[in-house]
Amino acid sequence: MSLYEAHKVEEKWQKKWAKDGLYNTNFEDEDRKKYYNLVMFPYPSGDKLHIGHWYNFAPADSWGRYMRLKGHNVFEPIGFDSFGLPAENYAIKHGIPPAKSTAKNIQYMRKQLQAMGTMYDWNQELSTSSPEYYKWTQWMFLQLYKKGLAYKKKSPVNWCPQCQTVLANEQVQEGKCERCDAEVTKKDLTQWFFKIRNYAEELLNFDGLDWPRKTVLMQKNWIGKSVGSEVVFNITNGENSTQSDKTITVFTTRIDTLFGATYMVIAPEHPLALEITTENHLENVKDYIEKAKKETDIIRSSETREKTGVQTGSFAINPVNGKVIPIWIADYVLATYGTGAVMAVPAHDERDYAFAKKYKLEVIEVIKPKNGESDIEKKAFTEYGVLVNSENFDEMESEEAKEKITEFIKEKGKGDFKVQYKLRDWLISRQRYWGAPIPIVYCEKCGEVPLPEKDLPLELPEGVDFNPKGKSPLATAPDFVNTKCPNCDGPAIREVDTMDTFVCSSWYFLRYPCANNKDKAFDTARVNKWLPVDMYIGGPEHACMHLLYARFFTKVMRDLGFINFNEPFKKLVHQGLITKDSAKMSKSKGNTVAPDEFVEKYGSDVFRMYLMFMGPFTEGGDWNDSGIKGIARFVDKFYDLIYSQQEGKNDDALKRNLHRTIKKVTDDLDKLQFNTVVSTMMEFTNAALKTRIDPDSKRIALQLIAPIAPHLAEELWEYLGETESIFNSEWPGYERELLVDKNIELVIQVNGKVRAKKEVDANIEKDDAIKIAKSLNNIQAHIEGKEIVKEIYVPGKLVNIVVK
């Protein structure tokens, strides 16, 4: 039976830590260097944390404890991302108002987090669905609105028919809702947007950030910078008709191919689509536009999908040569990218080539390979080369031609150089109940009016039927909707959409250090001291959503003068994914594993170390509880080492082992390699149990294990007579001269075959090593009477005697 009583010990130390306020942050401490250690806060969309949460939070806490032992003033807060679809869907499923279900879930999750034994500063806890928090989310909205960065417009948006709400582009995964997996459709709605595109160029700059390369590339690809040219085409209603005053502008990165444009394609949503369509094509065009509305952008832009299109009956005039080309409508062109129109050059673009071949449109080669011939009859040539069939620009190479042709059309007033971004403005309004109300009213006399800051928070009304209906539930609450205009005191109605939960989570890291400030969203002096966040740990699935939005908010707050830093998170680490039967754990899929039964049976330290021992932190693994008993046995061994092992002076081997262990654990913790920290401590414990160990070495062993087994370490630290918390001690150092053994095992070979082994001084010279080797009976038996051809010595490893 184990001497270590995990539950009794863990309950004791959790109460003591709370009573002593050990983890309450002193924000004014000038003696220690600040360290802001943060995890992505959880959704309380279920009634308990699952193993995936533990795998994020527990190792992140171990990192924070390590930094504290290294002498930092660590701020480690926690809160709850409690607004939004996940929490609302849970409430709908269980027939409970979101405010009640969310509060209940938070209460249970808080107990789980406390039982984990984390060093969270609970004084700074926040919940995004509390009026005390979303008052400042609304304040943030008003700051963006005043700056001209928040606006409302009608736009085709992603619509989830099951969640009955709008989705941002980032929330659509392979044409499906990321929450419920339903097929996403398009719908024209008037929505609120933030002008994140204004910051596109700055968001491409990651200088000074220690972020995963893959995440940086994902954000850069999502922003999608393209350097090219804009070209203006005049429109005519027939090949021989005079041109109208209407124009279509296209963006291209390959203006060197402009002479090869043989048709134009505009998106079905293009504002001129119906206007330029002639009577004899109108019915076909209308049908085509309706069909396109049912397809997602991802499906429409698929490279493997067969291209379709319809003629408009109108034509465009190429500004470089006056050539009249037909205008088509095709769904592979998206209104949300570029200008919603492309000049089609089938000889040098694969999509245009496939379309032209299908509809028997002209293919004109205008770029030849620098070396060799192209085969335009079989496929498009898409590389750079030398211009042909391009009048005055013939024989010019593509790179030079791009600049010269752009200058030519610029002089004619038909184009210019242009930088384009794929990134769209951030759609933030949702037709759901459980979110921060948007602080805008509409007055017949004054129009769109922002609420005065003194009237915040605009609280979410209770008693509203929050079941999804395809329109905002708040529209059914007349007491909320009908109000007075802040400007003229006349009748007005409120905005009934709510803000997406990503708005709430885009600034919470600014609120944490000032969570109890009733007068400001955050204190400028405090956040300038404590931010950026030093370590941010969370899942990679947020690369193009939360992480991008948080960077945007930080830059906006900087430009408004509220903060003096450019980025929210200095270092970013993505924990690996914990799967169940090779599938991602998800509350929506119902395949999560609750940690409570394992914590109840083995204690939180054992469970924490077992998760760490599964594999590298950044890789994760498939959940299997078969090995947790091994970790429990290790804890018993370690407890026995400190509690019962006979004390005495360390022998030389243990002393050296200890210092190697200090170095290995330190190096591995620096790299967040928690799995090897556990295995290294296992190896040291097994070795130490075979000999005597002095009290100082026991103390060092406790400090080494403290980050990954905090309760165990505190209990045994006290047992050794210490009165201060182990987390107020200093991380041990190691002596370099003790990292190398005095003696080594020398391998001795004859003709490459091992014939003997001998313990010798680690610094033995070649002549001495060979002399010792030859003196051994087994070696003499293999070399006697033979000619020694060569004597090889590999320092610190082996001797090889070659004979014939």
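Colleague: Which residues of helix 18 are buried?
Modeller: Ser 604, Asp 605, Val 606, Phe 607, Arg 608, Met 609, Tyr 610, Leu 611 and Met 612. Buried means under 20% relative accessible area, with a 1.4 Å probe and protein chains only. This is a predicted model, and local features need pLDDT of at least 70. Residues are numbered from 1 along each chain.

Colleague: Why call helix 18 largely enclosed?
Modeller: Because nine of its ten residues are buried. Helices are DSSP runs (H or I, at least four residues), numbered from the N terminus.

Colleague: At what angle do helix 18 and helix 23 pack?
Modeller: About 130°, with the axes 7 Å apart. Axes are lines fitted to C-alpha atoms over the stretch in contact, and angles run from 0 to 180 degrees between N-to-C directions. The two helices are therefore oblique to each other. Oblique is what remains after under 35 degrees (roughly parallel), over 145 (roughly antiparallel) and 65 to 115 (roughly perpendicular).

Colleague: Which residues meet there?
Modeller: Ser 604, Asp 605 and Arg 608 in helix 18 meet Pro 710, His 711 and Leu 712 in helix 23. Contact means heavy atoms within 4.5 Å.

Colleague: New topic. How many residues line the second largest pocket?
Modeller: The lining has 27 residues; Gln 14, Lys 111, Leu 113, Gln 114 and Ala 115 lie nearest the centre. A pocket is an open set of points on a 1 Å grid where a 1.4 Å probe fits, with protein on both sides within 12 Å along at least five of seven lines; lining residues have an atom within 4 Å of a point.

Colleague: Which helix gives the largest share of that lining?
Modeller: Helix 1, with seven residues.

Key
This is a predicted model: local features need pLDDT of at least 70, side-chain atom pairs count only at pLDDT 80 or more; totals for chains, interfaces and linings use all residues. Side-chain values use heavy atoms; hydrogens and water are left out. Buried means under 20% relative accessible area, exposed over 50%, partly exposed in between (1.4 Å probe, protein chains only).
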